[in-house]
Amino acid sequence: MRKTGRKARREEMSPGRIEYIEAARQRLYNRRLRRTALLVALVAAVVIYLTGVVNTSIMALEDLTDTVRIALMPEQGFPQQTGAGEVYQAEQLGGSFVVLGSEGCTVFADSGARLNTVGAGYARPALAAGGNSFVLYSRSGSELRVESRTRELYTRQTAGHIYLCALSDGGELAVATDDVRKLALLTVYDAAREELLTWSLTTAEGVPMRMAFSPDGTQLAVATLTAQGGAVVSNLYLLNLRAGEPQLLAAEAGSTPLELVWQSNARLLAVYDSHAALYGSDGGARARRDFGGAQTAAVAAENGSLAVLFGDGPSSGVLLTDGELNVRYEGAVPSAHGIACGADAFYLLCDSSVECFGLDGVYRWSCPLDARPQALLAGEGLYVFAGNLVQRITPPEEEG
């Protein structure tokens, strides 16, 4: 009996012919699989676009790309030329840091590699960091630019002159400008770069001087300055970005706001030239620490601690507190013009050195420098900016 059908034809084929046909079928299957994957990707892209999260998705992908690229970069080492000139600000980013000076803005990896150089040419430049990005703007100008660690993300023109900007870890942007109708206009943009809300501030509410987003980007703390009855008054507002109504937390007569730091989504630390206060996101006051009338020279609110440097003459004093504003150390220190806080120590910027003290005020070590230090970052590493150089400090106990 003779067999018929596909099975018979298969048995009559040579092994080479069968192998060829199987390979062709596999190629056809792979093409169909690729087409299906492409179709799924296109549908996902359409869904992302229609739901309005396309920009945030792109930003997340770019951020991941930057992180991988930085991690794979070879060690360059320190010191490095900053090219920034006189240092105005230095802020920590993820695996990197940004320095702004009179000559421009530069981003370095923690390994010493130069990641980005921005020469905006602003007359009065300032920056605010959020997560792995930062906003660079011109105070009294009308342009801002948001930068990642390696590239420009976008620029924006404002109708009024810029007072202040803030950037959240998730990409929300707050911009305070002057307003011809009232006094100031605060505009908040979401991570997709769309306008989320606006708030027109009157003379009674004041001009924004400090702003800070909560870690989850749902709240914005705003400290303003105004004049009432011949006295300077600082108002502290909490703006819920979902509800959109500002809540007045405090009105401080005769005080100037210096720092706003969120310890968590529920705890806000406000530092003034005369005192520090801790508030809950529910509007309640948690703690307060007065500075006793001493002249505030510098403050650092980092790593769960608050460090305040007093005095501008031949001697200085330091107040160090924990997250609840309980005193950890209070006493005299060498004359200094700057201070920074680490996880287990605080650092003084002196005329020609960086001095390290434990959180209990006990002296640890000194790092001499060839030029006057202008700024210091105390994150995963210690980076000091002096002259036109940035260098990494290795504590004596870690050497070798």
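What does the accessible surface of the protein chain come to, and what percentage of that surface belongs to carbon and sulfur atoms? In this predicted model, the accessible surface of the chain comes to about 20000 Å², and carbon and sulfur atoms account for 51% of that area. Of the 400 residues in the protein chain, 46% are buried. The secondary structure consists of 3 helices and 32 strands. Where contacts join residues at least 6 apart in sequence, 36% of them link residues at least 24 apart.

**Strand pairing at β32**

Strand β32 (residues 389–393) pairs with β1 (residues 80–81) and with β31 (residues 382–386). The table sets out these pairings.

| Strand pair | Sense | Bridges |
|---|---|---|
| β1 (80–81) and β32 (389–393) | antiparallel | 2 bridges |
| β31 (382–386) and β32 | antiparallel | 5 bridges |

Leu64, Val68 and Leu72 make a nonpolar surface patch of about 320 Å². Leu72 belongs to helix α3, which covers residues 54–72. Is Leu72 buried or exposed? Leu72 has a relative accessible area of 69% and is therefore exposed, since the cut-off for that class is over 50%.

**Thr296 in strand β22**

Thr296 is located in strand β22 (residues 296–302). A polar atom of the Thr296 side chain lies 2.8 Å from the backbone oxygen of Asp273. Residues up to four places away in sequence aside, Thr296 touches Asp273 together with Leu258, Phe291, Val308, Leu309 and Phe310.

**Pro215 in a loop**

Pro215 lies in the loop that runs between β14 (207–213) and β15 (219–228). Why does Pro215 count as partly exposed? Its relative accessibility is 40%, and the partly exposed class lies between the buried limit of under 20% and the exposed limit of over 50%. Setting aside neighbours within four places in sequence, the contacts of Pro215 are Asp169, Trp262, Ser264 and Asn265. Gly170 is 45 residues from Pro215 in sequence, while their C-alpha atoms are 8.4 Å apart in space.

How values were computed: Residues are numbered from 1 along each chain as its sequence is written. This is a predicted model: local features need pLDDT of at least 70, side-chain atom pairs count only at pLDDT 80 or more; totals for chains, interfaces and linings use all residues. Side-chain values use heavy atoms; hydrogens and water are left out. Helices (H or I, at least four residues) and strands (E, at least two) are DSSP runs, numbered from the N terminus. Buried means under 20% relative accessible area, exposed over 50%, partly exposed in between (1.4 Å probe, protein chains only). Contact means heavy atoms within 4.5 Å. Accessible areas come from the Shrake-Rupley method with a 1.4 Å probe; for residues, only the protein chains shown count as cover. Patches are made of residues with over 30% relative accessible area and no salt bridge: like charges are joined within 9 Å, nonpolar side chains (Val, Leu, Ile, Met, Phe, Trp, Tyr) within 5 Å. A salt bridge is a side-chain nitrogen of Lys or Arg within 4 Å of a carboxyl oxygen of Asp or Glu. A polar contact is a pair of N or O atoms within 3.5 Å; within protein, one must be able to donate a hydrogen and the other to accept it, and residues adjacent in sequence count only if both atoms are side-chain atoms. Two strands pair if DSSP finds at least two bridges between them.
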